Amino acid sequence: MNYSKTVREYCKTTPLRIFDVSCEMKHHFEMIPYKTLLKILNRLEEEG
């Protein structure tokens with residue numbers, strides 16, 4: 001499974017002002033390790 005693609009698509013389709021990592025981790029991304037999710041989000045933030 002491509003975690004980055006999954007998170008990227010979720011962010012594109014869900015208009016959020018604030019991304020609460022702990023809440024999203026609990027409800028949508030429980031299969032992604034926490035540190036990995038943080039790295040993906042940092043990379044996506046840098047991409048814009």
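**View 1. The buried and exposed faces of helix H1.** In H1, the residues Ser-4, Val-7 and Tyr-10 are buried. Looking down the axis of H1, these buried residues fall within an arc of 135°, so they line one face of the helix. The face of H1 that is turned away from this buried side carries Lys-5, Lys-12 and Thr-13, which are exposed. The cover over the buried residues of H1 includes H2 and H3. As in every view here, the coordinates belong to a predicted model.

**View 2. The whole protein chain, for orientation.** The protein chain has three helices and zero strands, and from the N terminus on its elements run α-α-α. Along the principal axes, the C-alpha atoms of the chain fill a box of roughly 25 × 20 × 15 Å. Of the 48 residues in the protein chain, 25% are buried. Among the contacts in the chain with a separation of 6 or more, 44% are accounted for by residues 24 or more positions apart.

View 3. Helix H3 spans residues 34–47, and its 14 residues reach 20 Å from the first C-alpha to the last, close to the 20 Å expected at 1.5 Å a residue. The buried residues of H3 are Leu-37, Ile-40, Leu-41 and Leu-44. They cover an arc of only 100° around the axis, which puts them on the same side of H3. On the other side of H3, the residues Lys-35, Lys-39 and Glu-46 are exposed. Helix H1 (3–13) and helix H2 (21–27) are included in what covers the buried residues of H3. Just after H3, Gly-48 takes a positive phi of about 105°.

**View 4. The loop residue Pro-33.** Pro-33 lies in the loop between H2 and H3. Pro-33 counts as partly exposed because its relative accessibility is 43%, a value that falls between the 20% limit for buried and the 50% limit for exposed residues. When residues up to four places away in sequence are not counted, Pro-33 touches Tyr-3 and Met-25. Although Pro-33 and Tyr-3 are 30 residues apart in sequence, they are 9.8 Å apart in space, C-alpha to C-alpha.

**View 5. Cys-11 and its placement relative to Leu-44.** Cys-11 lies in helix H1 and, with a relative accessible area of 34%, is partly exposed. The C-alpha atoms of Cys-11 and Leu-44 are separated by 9.3 Å, while the two residues are 33 residues apart along the chain.

View 6. The largest pocket has a volume of about 240 Å³.

How values were computed
Residues numbered from 1 in each chain as written. Predicted model: local features only at pLDDT ≥ 70, side-chain atom pairs only at ≥ 80, totals over all residues. Heavy atoms only, no water. Helix = DSSP H or I, 4+ residues; strand = E, 2+ residues; numbered from the N terminus. Expected span 1.5 Å × (residues − 1). Buried < 20%, exposed > 50% of the residue type's maximum accessible area, 1.4 Å probe, protein only. Arc of directions from axis to C-beta. Contact = heavy atoms within 4.5 Å. 1 Å grid on protein atoms, 1.4 Å probe; cavity = no way out; pocket = protein on both sides within 12 Å on 5 of 7 lines; lining within 4 Å. Points joined across faces, edges and corners; volume = space filled by probe spheres on them.
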